[in-house]
Amino acid sequence: MAKDLRGFLAEYERENPREFCRVKEEVDPRYEAAAILTKLEEARKLPILFYEKVKGSAFPVVTNVYSTKKKIASSISIDPKRFRDKYIEAVENPIPPKIVSDGPVMEERVGEGDVDLRALPMMTYHEGDAAPYITAGMVLAEDPETGEYNASFNRLMYKGRNRAGIFMTVGKHLHEIYSRMEDQGKPLPISISIGNHPAWALGALYIGAYGESELGIIGGLLGGPAEVVKGELKGTLFPADAEIVLEGVIEPHVREEEGPFCEFSGYATGKGLRPVVTIKSMHSRKKAIYQDICGGQHREHLIMATLPMEANLYRSIKGAVPTLVDVHVPAPFTLIVSIKKRFQGQAQSAMLAAFSAEMYLKQVIVVDADIDITNLQEVIWAVATRAQADRDIMVIPGARGSSLDPSSGAEGVVTKMGIDATAKPFLSSFPRRGRVPREIMDRLKLEAYVNLAEL
Ligand SMILES: Cc1cc2nc3c(=O)[nH]c(=O)nc-3n(C[C@H](O)[C@H](O)[C@H](O)COP(=O)(O)O)c2cc1C
Ligand SMILES: [Mn+2]
């Protein structure tokens, strides 16, 4: 199993040549790459796309690397059906990272006076995006109080040669670390690594409690410690075999306009006054590959946002409701949960566990185990026939949600809603669903009565 991005790409291309598309024609990072991806998605194709020539940059670009569960699961040699179990196993058995003295990412370096973000093929995807963005940058930052490192993905807006606006969701961990440094009037040193093996992204995107180590989860997914090198700035660390790494500081008490940017919510939102990163140096491998994740509601962003989230929600709700069956995130801020209800109030326990495990969640629908939660038609049918609004809706006003929800109030304060669409009092005492008896269905041969080919 490869442990770096280029090793994974080579493996995947060899084993799945039809899911790996090399584009030799020059592509413009301004809208063209996004148009190619959009058209492929419309044709229901999700290949890894490797752009060999991107206008204005010497770096080739790879995108859609994390676009399907199959790709992600194969990167850690796991059957897609076992993916969630494996992920939870890594969360529960983290392996601490190992600091190594050198790594391939140190092959090339550009220092403070020369570093220029314009060398990178930053992309503009949608009408309304404020500037070119870096979207696949993994930020590692040290908590000044505990010395632990936090990993997250944070969009970076191009602002100038060595400056980028950074979006750190209020209430998420990087924002907390930055606030702790800002309280002391100090800049926060960070590394931003671009082009990592999928296990790094999967771990970084874990939605866990403050202080839970994403680096440990990455180790658990890789099956051995995540190897990191120390950077030039005091306190920076980054993956030894990343393709490209930027080191920089987020200055305290500086706010400038950032956004709008078309997000996974489907809207160009989030314009606001936000902190700025000053880039101090860039490290890269020889012939480095720049990785991109198309902004907005494209498969890759959605799958990377939901897979780690579903694993965390499954684990958290299971602790509160042991008869949890399954969880599914079908749309932004939305969760569907199925349970085998043993006693009254369990749907509400599931909702409360879910809301406290994931700040972005705004609506939770709980159904019985007979409902296929990936089929929204069935879920809505359960809401229509098993819930009554005055009795079964839980409303939590004034709660922290996402500022990317355009219907939210001041900077992401939302009203959360839980719908208990389980049958009352229990499924066993509820009217039966219409079903033809099983033995008749098994016995009857349709071909004996109708010619299917003629219909
Ligand atoms: C492609 C991609 C881009 C993201 N961009 C941002 C971002 O700009 N700001 C942000 O706060 N979270 C962003 N996220 C989500 C966070 O990285 C994610 O919630 C992460 O788990 C937060 O880390 P934390 O749990 O340590 O706070 C992004 C996620 C993905 C998949
Ligand atoms: Mn964290």
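Is Cys-294 buried or exposed? Select Cys-294: the residue is buried, with a relative accessible area of 4%. Buried means under 20% relative accessible area, exposed means over 50%, and partly exposed lies in between, with a 1.4 Å probe and protein chains only.

Before going on, note that this is a predicted model, in which local features need pLDDT of at least 70, side-chain atom pairs count only at pLDDT 80 or more, and totals for chains, interfaces and linings use all residues. Residues are numbered from 1 along each chain as its sequence is written, chains are lettered from A and ligands numbered from 1 in the order in which they are written, and side-chain values use heavy atoms, with hydrogens and water left out.

**Stop 1: the cysteines**

Now select Cys-21, which is partly exposed at 29% relative accessible area. Its closest cysteine sulfur is in Cys-294, 15 Å away, which is too far for a bond. The structure holds zero disulfides, where a disulfide is a pair of cysteine sulfur atoms within 2.5 Å.

**Stop 2: the manganese ion**

Select ligand 2, the manganese ion. Which residues coordinate the manganese ion? They are Asn-150 through OD1, His-173 through ND1 and Glu-214 through OE, at 2.1 to 2.2 Å. Donors here are N, O and S atoms within 2.8 Å of the metal (3.2 Å for Na, K and Ca); water is not among the atoms, so sites may look incomplete. Along the sequence, the spacing of the donor residues is N-x22-H-x40-E. Color helix H5 (residues 173-183) and helix H7 (residues 214-222): His-173 is in H5 and Glu-214 is in H7, 41 residues apart, so that the pair links distant parts of the chain. Helices (H or I, at least four residues) and strands (E, at least two) are DSSP runs, numbered from the N terminus. His-173 counts as buried at 14% relative accessibility, and Glu-214 is buried as well, at 3%.

**Stop 3: ligand 1**

Next, select ligand 1 and show what surrounds it. There are 20 residues around ligand 1, and the closest are Phe-153, Arg-155, Phe-167, Thr-169 and His-173. A residue counts as near a molecule or strand if one of its heavy atoms lies within 4 Å of it.

- Lys-172: a polar side-chain atom lies 3.4 Å from an oxygen atom of ligand 1.
- Leu-205: a backbone N or O atom lies 3.5 Å from an oxygen atom of ligand 1.
- Glu-214: an N or O atom in the side chain is 2.9 Å from an oxygen atom of ligand 1.

On its own, ligand 1 has 640 Å² of accessible area, and the protein covers 92% of it. Accessible areas come from the Shrake-Rupley method with a 1.4 Å probe; for residues, only the protein chains shown count as cover. Strand E8 (149-153) and helix H8 (299-320) are the elements that give two or more residues to the shell around ligand 1. The largest share, four residues, comes from E8.

**Stop 4: from E8 to E7**

From E8, move to strand E7 (residues 137-142). Five of the six residues of E7 are buried, so E7 is largely enclosed by the rest of the structure. Two strands pair if DSSP finds at least two bridges between them. E7 and E8 run antiparallel and are joined by five bridges, with Val-139 opposite Ser-152 in E8. The two strands form a hairpin with six residues between them, and Gly-147 in the turn has a positive phi of about 75°. Five bridges also join E7 to strand E11 (residues 188-194), again antiparallel. Select Leu-140 to find its bridge partner in E11, Ser-191.

**Stop 5**

Finally, select strand E9 (residues 156-160) and strand E10 (residues 163-166). They run antiparallel, joined by four bridges, and form a hairpin with two residues between them. Tyr-158 stands opposite Ala-164 in E10. E10 also pairs with strand E19 (residues 276-284), in the antiparallel sense over three bridges; Thr-278 in E19 is the bridge partner of Arg-163.

How values were computed:
Polar contact = N/O pair within 3.5 Å; in protein donor to acceptor, adjacent residues only side chain to side chain.
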